[in-house]
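Here is a structure to read by its definitions. Each question below asks what a label rests on.

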Amino acid sequence: MYWYLAKLAYKNLVRQKRRTLVTCLTLSVAILSYIATDGLLAGLDQMAIDNLISYESGHIQVLDPRYLDERDELPLEYTFPVGELPQQISSVEGVEAVTPRITFSALLNNGMDELLVVALGIDPDTDPRVFKLPEHITGEMFEPESYQAVIGESLADLMELTIGDYFTLITKTKTGAFQAIDVQISGLAKTPHPEINLSSVFIPYDVAAKALGMPGQATELFIRIGDGQDVDGVTVAVNQALDASAPVRAYSWREVSADFLAMSESEAQIMGVFLGLILLIGIVGVVNTVLLGAMERVKEIGTMKAMGLQEREIIMEFAFEALGIGVLGSLVGVALGALLNWFLVDVGMDLTYFFGDMSVGYPVTGSIHSVWNPQTMVQSFVMGVLICLVASYLPARAAAVKDPIQSLQAH
């Protein structure tokens with residue numbers, strides 16, 4: 001009986017080729033869109049995390065807990081002596097490199113205009129072991145104790161500056177006195193992190209510490225861990241290695257990047273809405289196909305019932321039709337989704353084509369690349385088939401419960 005019902009379902013699908021193909025195509029496009037969007041968003045997350053760690057936060061930060069609460073204001077009240085902390089931390093298993101930074105706000109004055117920027121005092125010897133800034137510099141990195149600077153390329157364009165030009169950073173010292181730091185541009189930075197390019201100025205750590213009246217101090221120590229190391233485990237080990245009397249604690253990048261993680265959670269909610277739309281598209285398409293099929297085959301259904309077929313067997317026949325649509329549409333959707341995802345993994349999508357230099361809220365710029373997620377493809381296929389089966393039940397049951405005599409008398 002099951003084989004007979006399956007053959008009957010196949011004949012009905014073939015008989016209405018156009019309708020079957022349109023329904024399959026609708027489901028395929030929905031699944032294709034889901035796979036491509038999921039891969040791109042996962043790739044966006046991965047790139048954002050890489051950029052945060054490689055250009056902004058490192059894997060771990062050591063700082064005064066009070067500074068963590070007010071870091072958006074870039075205060076200098078919670079700096080701490082660097083002393084032997086880098087050597088002490090470097091002895092912890094899993095730690096690959098440590099570097100101090102002084103992060104402070106300043107006005108960049110080019111002689112005509114002023115712009116608020118984020119200034120960072122960095123050690124040109126140890127900073128490249130933690131961050132990848134030198135890999136994206138046109139010109140050259142400055143030397144220790146030199147009054148030179150590396151600034152973001154977008155910032156340089158905005159302020160009409162280039163390599164060799166001079167500008168002044170106007171800021172306040174730790175005690176609140178105004179201070180001016182005159183520097184010459186030695187290099188321009190064009191990193192994958194848009195905020196670095198648009199608002200950051202890097203000067204030698206010792207120059208910044210002296211100008212701000214805090215020699216030997218830092219706002220943060222940044223740590224890079226070895227490949228394959230567990231960031232949370234190393235963070236715990238660093239905290240255990242720190243002197244209990246020290247005013248600082250270690251925090252993983254996740255703890256200091258709460259805004260980004262909140263954005264990622266919002267992205268997951270958006271994906272849930274997108275999945276709901278896919279479900280709706282699939283349900284509408286299959287319900288429409290089954291309803292039209294039932295309306296056109298009223299007499300046929302009446303004949304089947306008159307020949308002794310039970311309601312559940314008629315429902316099963318419609319379920320076989322829905323199953324055929326689900327399998328075919330899902331297979332095509334997954335195949336096309338995999339093909340598009342392969343292109344997005346290999347070539348990527350250029351954000352500047354859509355947004356120009358505007359930030360999209362993520363620490364990424366340029367081309368984003370998708371990632372492979374076989375689990376999503378399997379889930380999409382199963383989801384497509386289940387949607388079709390579930391969506392076919394109510395219209396199939398409505399057709400199956402009709403009185404066979406009335407069905408045979410229908411025009």
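Q: Where does Glu-160 lie?
A: In this predicted model, Glu-160 is placed in the loop between H6 and strand S7 (166–172). Helices (H or I, at least four residues) and strands (E, at least two) are DSSP runs, numbered from the N terminus. Residues are counted from 1 along each chain as its sequence is written, and side-chain values use heavy atoms, without hydrogens or water. Because the model is predicted, local features need pLDDT of at least 70 and side-chain atom pairs 80 or more, while totals for chains, interfaces and linings use all residues.

Q: Why is Glu-160 called exposed?
A: The term buried applies under 20% relative accessible area, exposed over 50%, and partly exposed in between (1.4 Å probe, protein chains only). Glu-160 has 65% relative accessibility, so it counts as exposed.

Q: What is said of the phi of Glu-160, and how far is its C-alpha from that of Asp-113?
A: The phi of Glu-160 is near 55 degrees, positive although the residue is not glycine.

Q: Is Leu-74 buried or exposed, and where is it found?
A: Leu-74 is at 17% relative accessibility and therefore counts as buried. It is found in the loop between helix H3 (65–70) and strand S2 (80–81). Leu-74 also has a positive phi, near 50 degrees, without being glycine.

Q: What makes Arg-66 and Asp-64 a salt bridge?
A: A salt bridge is a side-chain nitrogen of Lys or Arg within 4 Å of a carboxyl oxygen of Asp or Glu. For Arg-66 and Asp-64 the closest N and O atoms are 2.8 Å apart, and the pair is therefore counted. Arg-66 is partly exposed at 48%, whereas Asp-64 is buried at 5%. The structure holds 5 salt bridges.

Q: How do you know that Lys-190 and Glu-153 form a salt bridge?
A: Their N to O distance is 4.0 Å, and the side chains meet in a salt bridge. The pair joins distant parts of the chain, 37 residues apart: Lys-190 is in the loop between strand S8 (178–189) and helix H7 (194–199), and Glu-153 is in helix H6 (residues 153–158). Lys-190, at 55%, counts as exposed, while Glu-153, at 23%, is partly exposed.

Q: Which residue forms a salt bridge with Arg-254?
A: Asp-232 does, with the closest N and O atoms 3.4 Å apart. This pair also links distant parts of the chain, 22 residues apart, from helix H10 (residues 253–256) for Arg-254 to helix H9 (residues 231–241) for Asp-232. Both are partly exposed: Arg-254 has 38% and Asp-232 39%.

Q: Why is the pair of Phe-131 and Phe-222 given the name it has?
A: The structure holds 1 aromatic pair. Phe-131 and Phe-222 lie 5.3 Å centre to centre with 70 degrees between the planes, and are edge-to-face. The name follows because rings of Phe, Tyr and Trp (its six-membered ring) pair if their centres lie within 6.5 Å; planes under 30 degrees apart count as stacked, over 60 as edge-to-face and the rest as tilted. Both residues are buried.

Q: What makes Arg-101 a charge over a ring?
A: The charged end of Arg-101 sits over Phe-131, 3.9 Å from the ring centre. Arg-101 also lies over the face of Phe-222, at 5.6 Å. The rule asks for NZ of Lys or CZ of Arg within 6 Å of the ring centre and within 35 degrees of the ring normal.

Q: How do you know that the span of H13 is close to the expected one?
A: H13 (residues 311–346) has 36 residues and reaches 52 Å from its first C-alpha to its last, close to the expected 52 Å. The expected span is 1.5 Å times one less than the number of residues. After H13 comes Gly-348, with a positive phi near 85 degrees.

Q: Where does Leu-339 lie, and is it buried or exposed?
A: Leu-339 lies in helix H13 and is exposed, with 54% relative accessible area.
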